[in-house]
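Please open the model in your viewer and keep the selection tool at hand.

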Amino acid sequence: MSHPFLALTDSDKEEMLRTIGVSSMDELFGDLPAGVRLGRELDLEPPLSEQELSAHMAGLASRNVDTTRELSFLGAGIYDHYVPAVVDTVLQRGEFLTAYTPYQPEMSQGVLQSIFEYQTAICELTGMDVSNASGYDGTTVTADACYIAKHATGRTKVVVTEATNPQVRQVVKTYAPGFGLDVVEVPHRGGVTDPEAIAAASHDAAAVIFQQPNFFGCLEPAPDLAAAANEAEALSIAHVDPLSLGVLEAPGRYGCAIALGEGQAAGNLMAYGGPHYGFLAARQEFIRRMPGRIVGETVDVEGKRGYVLTLQTREQHIRREKATSNITTNQTLLALGGLVYLSWLGPHGLREVGEACLSLAEHAKRRLQERGLELVFERPTFKEFAIRVRRNAREVVREARARGVHPGYALGRDYAGMDDVLLVAVTEKRTAEEIDRLADVLAEVAR
Amino acid sequence: MKVIFEKSQPGRRASVIPRPGVPAAEIPEELRRAEPPRLPEVTEFEVIRHFTELSTRNFGVDTGFYPLGSCTMKYNPRINERLVTLPGFAQMHPLQEEDGAQGALELEWRLQEILEEVTGLDAVSLQPAAGSQGELTGLMLVRAYFADRGESEQRRKVVIPDTAHGTNPASVTMAGFELTHVQTDARGNVDVEDLRAKVDEHTAALMLTNPSTLGLFDENIEEIERIFHGAGALMYYDGANLNAVCGISRPGDMGFDIVHINLHKTFSQPHGGGGPGGGPIAVRAMLEPFLPTPTVVRRDDGSFGLDHGRPKSIGKVRGYTGPFGVFVRSYAYMRSYGPRLREMSEAAVLNANYVLARLKEAYDLPFDRLCMHEFVLSARSLKRDHGATATDVAKRLMDYGFHPPTVYFPLIVPEALMIEPTETETKETLDAFCDAMLAIAREAAQDVAVLKEAPHHRPVRRLDEVRAAKNPVVKYEFEAAKAPQEV
């Protein structure tokens, strides 16, 4: 019986076996010792036709509550921003979708030029000199940056602020022992990090990692944090929200060594956590320590401009155990989504999205305060803020969801003493009316 | 062609951002952006035109045959692309409460179950984002396992054959282990005598790809298993070549304790021009307590949930539960096959052996055996006799409309051409490719210049990679007076 993904007919198979000079398919597997053969059928459910598969998958999808079914103020690192149709259209081009790493540049100028443009866009956003072609997500690029810092400084400690996304900190802590690094966390004070505390912790540190805006949504005194790290000759690493960079200063402009982050907000759907892209950009001096692919401009034998994977002597397939990272497969398609989105936005659109998030979040703060809820931190924020809900926030989430509103992330999931705190995210997709509904529901359930 | 930044004109734009209709707020001045980023100012139509033109300068599996060895460039079913766009998958937040994520969690749990059956192991973590991250995660498990047994100081060495992917040694270093290299024997298997001499109480693990990057199944795998487990070490299976053996032989049955699976290879997540991928790991029961958190579990009441409470866990290696959209596609793909995954692997092996049989007279075959799903030829004689290198053959193939094989890998084969046809190609396509390879071998003898100057029919000719690395230009230089010649 034929299978839609398999191409050989019975007569093809016979002819091919004859050409090979064997009499049966089994003979092709003659090198496998009997003891390691399965010798039975895989115990899996029978194959589904496309139509049956569609129905099965639709059934699974229907048992998820997504943002088309629930008004959501959930953020905490992954955000419900608008993704325009042009992104879908470009990413479904089979020439992009079904290609692989552009090892053969003459076959791959489309991917190579688009990565070159992506690198340019990321450098423009962050104010940095060099960007790689993407990392897995915002957590792993942070671990990658620690590897850069370890080799650039020879030091064995990284400092990370407690106000950095807990997912990021957890991944850094998982990677650190293999790198021979200790991780030191610096507590926040009133929702932001004290530059004095960074100065005290960064002695002998390879890197100082902070997030801007931080996990609580608050704006850190980022230039002062970077200065404190630089003073100690540690690499200052800013974990930034790409969509904030139309309104917030670029890390390269306040002295950071490395800027990185989760790209999802810029052009990727939330998709229950991925795939997304992590971006990583640095000052020129770190170019030969960068992890992953980098595309460079060159010319062909006729002098025509073209693009290639470059500085490959950093990479695992050449440098092997001395490589700057083990990454090979990255997130090119998602990064392409990011580039298409940023091209669609342009500089004005980027600023307007940022302003919309900022203004709507400020509006939400006022509305919630009018209903008697208190802000946890009286600090400037961007698109997210922490609010006290006067009882266990997870219960508040449950009861609000029963009323059709996901009111945000219960910070007690990660921070001791914050059981009554909700982290509320407001993107440009939210409206004043939806914010009123959030206020109504929270006024009712946060008693 | 121009880069999109060269098409930018002030005053043009593609996006309209709805006005929020609430009072405008401002960023404090000391943190406010001073200069806007120079993103392109283009219309929506220009965005589409630009990226469509770029796509026409690229080659994917959809465009044509792509026998890039070790990468398993098979057909990517389009139904899977539709399925990932279902709002219940695409528009779902990863921190959604469990009761609002039952479909996603069930999908992940079912995928874990399938991967356990296919690998012959007991527990799975879906979290690693790609094969090399699966490797690193696996090595972290090795470290945690021996630390738990009080042997972490003692067991510092990881053994890797000289045919291994570069990711293996890079992962070893990143995980804080030391490398021990083992050689390949005359039949293309791991040299068992060399191995025996190098494995002792200081050995933590072996990392092995089986079939190897030579496309050969290691005939001594049972002996290798005895050597490692006999020394108290663990066995790690690099799943890059799992497409050869699904339903035929399972890594768990070969004796491996940890396996990573490349969902973008064997299970058809489209490669996306370089990614995304997925690199779940499957492990034997004794390693389960160390798996990354959260783990996806089925509760006694039949509901699905996330278990964050694993005290021995190595921690998290990526955000959330992993690249979910990849899981949707690979789960759908595996459900399309069910137990017929065996036929998938059989066809992959048949196709590879057929192409090998047709090409082995014209090219050198370093190990004259039947192959599995891929094989490695050498252009050594072509180079010696006519000066045509593996690169020349690869570039000339482009003129015939084929993507070249992987070249110069594995490192132990000079002028290597690593060819992986996959199961999804017709015999007609395989024959056309073989005809082209044979024609190129003849051309090398008759007029090597036609190879040396190839490709002739691509958007660019051969590119100067030395220049690119010497003076890296890695972003568009807005200030530069004049870019090199325009296309």
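Are helix 1 of chain A and helix 11 of chain B parallel, perpendicular or oblique to each other? Before you select them, note that this is a predicted model, in which local features need pLDDT of at least 70 and side-chain atom pairs count only at pLDDT 80 or more, while totals for chains, interfaces and linings use all residues. Residues are numbered from 1 along each chain as its sequence is written, and chains are lettered from A and ligands numbered from 1 in the order in which they are written.

**First selection: a helix from each chain**

Select residues 10–20 of chain A, which form helix 1, and residues 341–359 of chain B, which form helix 11; helices here are DSSP runs of H or I with at least four residues, and strands are runs of E with at least two, numbered from the N terminus. Their axes come within 9 Å and cross at roughly 45°, where axes are lines fitted to C-alpha atoms, for helices over the stretch in contact, and angles run from 0 to 180 degrees between N-to-C directions. The two helices are therefore oblique to each other, since angles under 35 degrees count as roughly parallel, over 145 as roughly antiparallel, 65 to 115 as roughly perpendicular and the rest as oblique.

Now show the side chains: Lys13(A), Met16(A), Thr19(A) and Ile20(A) meet Leu350(B), Asn353(B), Tyr354(B), Ala357(B) and Arg358(B), contact being counted when C-beta atoms, placed from the backbone, lie within 7 Å.

**Second selection: both chains**

Widen the view to the two chains, where 175 residues of chain B are in contact with 174 residues of chain A. On the side of chain B that touches chain A, helix 11 of chain B gives the most, with 12 residues.

Finish with helix 13 (residues 393–402) and helix 14 (residues 432–445) of chain A, whose axes come within 10 Å and cross at roughly 125°, which makes helix 13 of chain A oblique to helix 14 of chain A. Here Val396(A), Glu399(A) and Ala400(A) meet Val441(A), Leu442(A) and Val445(A).
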